Each structure stands twice: as C-alpha cells, then as structure tokens.
Amino acid sequence: MVVSTGVSFVIATTLSIVLFALMQLFRTQLADNKALTIVGGFIGSNLFISLLTAVNNLENLAFGGGFQAAIVPEVVTCLGLAMLSACLVHRVSVTTCFVFSIIALYYTNKIGSKRHGSVVTDSSTTNKSTSSAKSKKLR
C-alpha cells in the first residue's frame, strides 16, 4: 500500500511516539530479564527507523520531493534519540539498539538503492573520458 508523504509522516511520527511510550511504560519489565534487554534494543532500533522515516518525510514536505537523508544531521540525530530512549531502559539495550539500528540502516539503504536506483556519477572519470575524447580528436 502506497501512501503520500504527508500521511507517511503522520504514521511514522505516531509510531515513534507509541514505541517510545511503550519502552518507557515497560521499562522495568524490559530491564528485569537478559533476553528482554535485547528486545528493548530491538524496539529502540525500530524507533530509529520510524524517526528517520518521519524526519525524511518532513524534509521532503518542506524542501521538495527529491530530498534525501544524509548521514551527519539526520541519521546521527535519529540514532542518538533512539539510543537515548534505549538508555532509559538498560545499558545493554543501548548497545543492542546501536547494532540493530546499523543493520537496519544498511538494509534500508540497500532496499532504497534497489527500488529508486541511486545514480552517482564520478566527476573525475567523466572529466577523464571527455578529455581523452578531445585529445583523440586533436590527433
């Protein structure tokens, strides 16, 4: 099901708030058991992906359709917020949140590149090919 950017922003924001609230509501239960601290990190990584989706959708609404999330401002901020919320649960949840978030970011990037086809041109190879073509014409 495909939704518009505005609807996706609302859904991702709502999901982020619900995930954060659930993590805080069940903080004591998540911290009691070793396995549940890992689950707390997994919930934190889902919070990271939903925060990143919400931020990217907001930027697309504000700056236009072709805007992409970058590593430094968006990803680091959303990862920091997700790790902060996992930190409120347990120390181990922070570590597992980081690991799960990096894995989720890798696969999200891989799926996005396959779906939308990232076209990156290297300017140094483009300039070399045009300059070699010009030199061949001059000879």
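## Pocket, helices and ring pairs

Helix 5 gives the most to the lining of the largest pocket, contributing eight residues. Welcome to a predicted model, in which local features need pLDDT of at least 70 and side-chain atom pairs count only at pLDDT 80 or more, while totals for chains, interfaces and linings use all residues. Residues are numbered from 1 along each chain as its sequence is written, and side-chain values use heavy atoms, with hydrogens and water left out.

Let us stay with the pocket. A pocket here is an open set of points on a 1 Å grid over the protein atoms alone, where a 1.4 Å probe fits, with protein on both sides within 12 Å along at least five of seven lines; lining residues have an atom within 4 Å of a point. The largest pocket has a volume of about 1,300 Å³, volume being the space filled by probe spheres set on the points. Its lining counts 32 residues, and Asn56, Ala69, Thr108, Gly112 and His116 lie nearest its centre. Helix 1 (5–25), helix 3, helix 4 (71–87) and helix 5 (91–116) each give two or more residues to this lining; helices are DSSP runs (H or I, at least four residues) numbered from the N terminus. By class, the lining has 14 nonpolar, 17 polar and one charged residues, where Ala, Val, Leu, Ile, Met, Phe, Trp, Tyr, Cys and Pro count as nonpolar, Asp, Glu, Lys and Arg as charged, and the others, Gly among them, as polar.

Helix 3 covers residues 34–63, and its 30 residues reach 44 Å from first C-alpha to last, close to the 44 Å expected at 1.5 Å a residue (1.5 Å times one less than the number of residues). Just after helix 3, Gly64 takes a positive phi of about 115°.

Now for the rings. The structure holds two aromatic pairs (ring centres of Phe, Tyr or Trp, the last by its six-membered ring, within 6.5 Å; planes under 30 degrees apart are stacked, over 60 edge-to-face, the rest tilted).

| Pair | Centre to centre | Angle between planes | Type |
|---|---|---|---|
| Phe42 and Phe100 | 5.6 Å | 90° | edge-to-face |
| Tyr106 and Tyr107 | 5.1 Å | 75° | edge-to-face |

Phe42 in helix 3 and Phe100 in helix 5 are 58 residues apart, so their pair links distant parts of the chain. Phe42 is partly exposed at 42% relative accessible area, and Phe100 is partly exposed at 29% (buried is under 20%, exposed over 50%, partly exposed in between, with a 1.4 Å probe and protein chains only). Tyr107 is partly exposed too, at 45%.

Finally, the cysteines: Cys87 is partly exposed at 46% relative accessibility, whereas Cys97 is buried at 0%. The disulfide count is zero, a disulfide being a pair of cysteine sulfur atoms within 2.5 Å.
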